[in-house]
Each structure stands twice: as C-alpha cells, then as structure tokens.
Amino acid sequence: MTWRAQKTNTSHAARGVECSGVRSGFSAYLDGAISGVEMAAISSHLKRCEECAADFNAWREVQRSLVELGPAQPPARFQARLRAALGVERERGTHLPFHRRALLLWRSSLAPLALRLSGGLAATIVLAGGLSWMFGAPIIVQANDDAMAHLVAPRYLYSEVPPDPITTRHDVPIIVEALVDSKGRVYDYTILAGPDDPDLKVRVENNLLGSIFKPATVFGVPVHGHVLMTYTGVSVRG
Amino acid sequence: MADGLAARDASPYECAARAQLGERVVAALRTLPEAFREVVVLREIEGFGYEEIAEMLGVNLGTVKSRLTRGRASLREALRDDASAIRMSNSRPIENMQAVPR
C-alpha cells in the first residue's frame, strides 16, 4: 500500500487517517446505509484520492461478481415437496399447542377403541375380582351362628328343700311346663301330661316351689323363661 | 435469465471467463467463516435488507453491519490471494480475468 509509505509526509499522514476512515465505511456506502452527508464525504474523497478509488473499485468488483452469481436455484419440484411436507406437519398438528396435539392424537388413535377397551376392562375386573374372592378368600361356614343371639334357656340347679318323691298310682311320665322368672323361681306351671290326680298336683307344686333355676338369659341379662320338665321313674304306690 | 443475457451480448470468451470468475467467487465464499458467509450471501446474492437479515439470524443490526464489512473484506482478500496465486502460475489468463469484470 503506497499510502503507508507516504506517512513520513505530515499532510499525507493526515490524509492516511482520512483514507482509513473512508475505507471502513465502504461496506455501508455500497449498501447506501449511511447518511447523505457521509455519502457525499466519501464520494468527494474518492474523487480526490486515487488509492481509495481503486480500493473502492475492488470492493465493487467483488459485489458485482457476487450479484452475477445470482440466487441459488431451488431444486426441482421444491415447491411441491415443501407443500407436501407442510401438509404432513399440519396433519400431525405440529403447529398446535401440546394439549391440542395430545387431543388430536387421542381422537385419531385411541378414541375409536375407547368404548371396547373400557367394556373389556370392566368385564376383566368383575371376572378377576369374582375369581380372586372365590379362590383367595373362601367363606368359612359356621354352624353355631345361633350363639350370636345368645339365648340361654333356664336350667335346673338344685332344690331348697329335701326332695319329696312323687308317688302315683299310674306308671306314666309326668311332663310339666314351668315358667321361671328372672330370679330363677317358678311362678307358674302347667301339667302337660300325666295322671289327673289332685294329690299328685300338690306334690309337683311343692317340688317346683323348692326348685331353684338358673334363669333364662338374653345376652347375659336374666329374663323370664319356660322349661319343660319330665318326671320319670316315679315310684308307684302299691 | 443471467445465462441468456450473457449469451446474447457477450462473446463466448467473455461467457467462459464469467463462468470461471463465478467459480472463483464461490470457492472464495467457501473459505469465509460461516457467520460472515451467511450475511454476505443474504445481502449480496439474496438481496435482503439489514433489518431482515438481523431478524433472520436473530442478531442485532450492528452485528449484521460489522459482519458484512468483515465478510466483504475477507472475500476481497480471498479473491486477491486467489488471483495472485493464478498470476504466479500463469500470467495471461489472470490479466484477462481482471479485464472481465471491468
């Protein structure tokens, strides 16, 4: 560069500074991207300075050769392929937000099967549940379920007085239904079977009056109850 | 289009020279760093404005301007180095090459 060699001369040195400023603006000057004043300054400098004019010419040659290259030609059928690709993306819903895309995917793939799938699932749950109940947890059948109500009949304990043997002239069993109160005492009785004998009735009555029962209970609470008593092996008076 | 115009008003020699220059320019463009090359191509060949280029590349306007300046300077250097290399091997064609763009 000759302008560098001229730096010894002061006027030329000042001009060198101006030249470097002008040259740094060449790019913008080529595009017209600077103000009119700056463009005028560069233009007038180029008229005065041959070096810069030559340099600017080189820049313009580069620009011209680039322009002559022209824009790259798109490949054959580029537009058709671009449209096809855009169509495919639109079909896939790439332009939609995520939730809309998920909805689209659901509608196109799983929604037609949803009813069948849910029906099948429900049937499977019912079947599997029934089978697991049958095999996994068999029902234990209990025969003593009545104990749940906890009804206990009155039970004979002992006699308060020395038992007086009942004697009768007939060798038949005597069946008595006695009603027992909650304290274990007999408060009424009925002779269901046996000889109709007033003396026997007195004896049975005395026997029952001296008898102490364990009263009937419901859930452990004493209640009134009734008991069937059978007198057998009655001594028969000769 | 450019080929058609070139064929109409340029001699076969000029056409060949122009094609050769084109190849040289493409080769010189390839030596540029990617950041400079894309700005130079978008501005000089595709003809986009500074603002459009800045928006396309996602950089600010000042970056576009500086990249364009440096890209053009490097391209000029690359073409000049290329020309001097050819001149050293064979003097005649390069004189013609230089004559062609003017």
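Helix α2 of chain B, residues 12-31, has 20 residues and should span 28 Å at 1.5 Å a residue; its end C-alpha atoms lie 29 Å apart, which agrees. The expected span is 1.5 Å times one less than the number of residues, and helices (H or I, at least four residues) and strands (E, at least two) are DSSP runs numbered from the N terminus. The model is predicted: local features need pLDDT of at least 70, side-chain atom pairs count only at pLDDT 80 or more, and totals for chains, interfaces and linings use all residues. Residues are numbered from 1 along each chain as its sequence is written, while chains are lettered from A and ligands numbered from 1 in the order in which they are written.

Within α2(B), the buried residues are Leu21(B), Val25(B), Ala28(B) and Leu29(B). Seen down the helix axis, the buried residues of α2(B) fall within an arc of 100°, so they line one face of the helix; the arc is that of the directions from the helix axis to the C-beta atoms. The face turned away from this buried side carries the exposed residues Pro12(B), Glu23(B), Val26(B), Ala27(B) and Arg30(B). A residue is buried if 20 or more other C-beta atoms, placed from the backbone, lie within 10 Å of its own, exposed if 12 or fewer, and partly exposed in between.

Not counting residues up to four places away in sequence, Val25(B) touches Ser65(A), Leu66(A), Leu69(A) and Leu79(B); two residues are in contact if their C-beta atoms, placed from the backbone, lie within 7 Å.

On the chain A side, α5(A) has 20 residues and reaches 29 Å from its first C-alpha to its last, close to the 28 Å expected. Its buried residues include Ser65(A) and Leu66(A), along with Cys52(A), Phe56(A), Val62(A) and Gln63(A). Just after α5(A), Gly70(A) takes a positive phi of about 75°.

The contact between the chains takes 18 residues from chain B and 16 residues from chain A. On the chain B side, α2, α3 and α5 each supply at least two residues, and α5(B) gives the largest share, 7 residues. The chain B side divides into 10 nonpolar, 2 polar and 6 charged residues, where Ala, Val, Leu, Ile, Met, Phe, Trp, Tyr, Cys and Pro count as nonpolar, Asp, Glu, Lys and Arg as charged, and the others, Gly among them, as polar.

Chain B contains 6 helices and 0 strands, and 18% of its 102 residues count as buried. Chain A has 8 helices and 10 strands, with 13% of its 238 residues buried.

Chain A averages a pLDDT, the predictor's confidence in each residue from 0 to 100, of 81, and 85% of the residues score at least 70. Over residues 1-10 of chain A the pLDDT is below 50. Where pLDDT is low, the predicted coordinates should not be read in detail.
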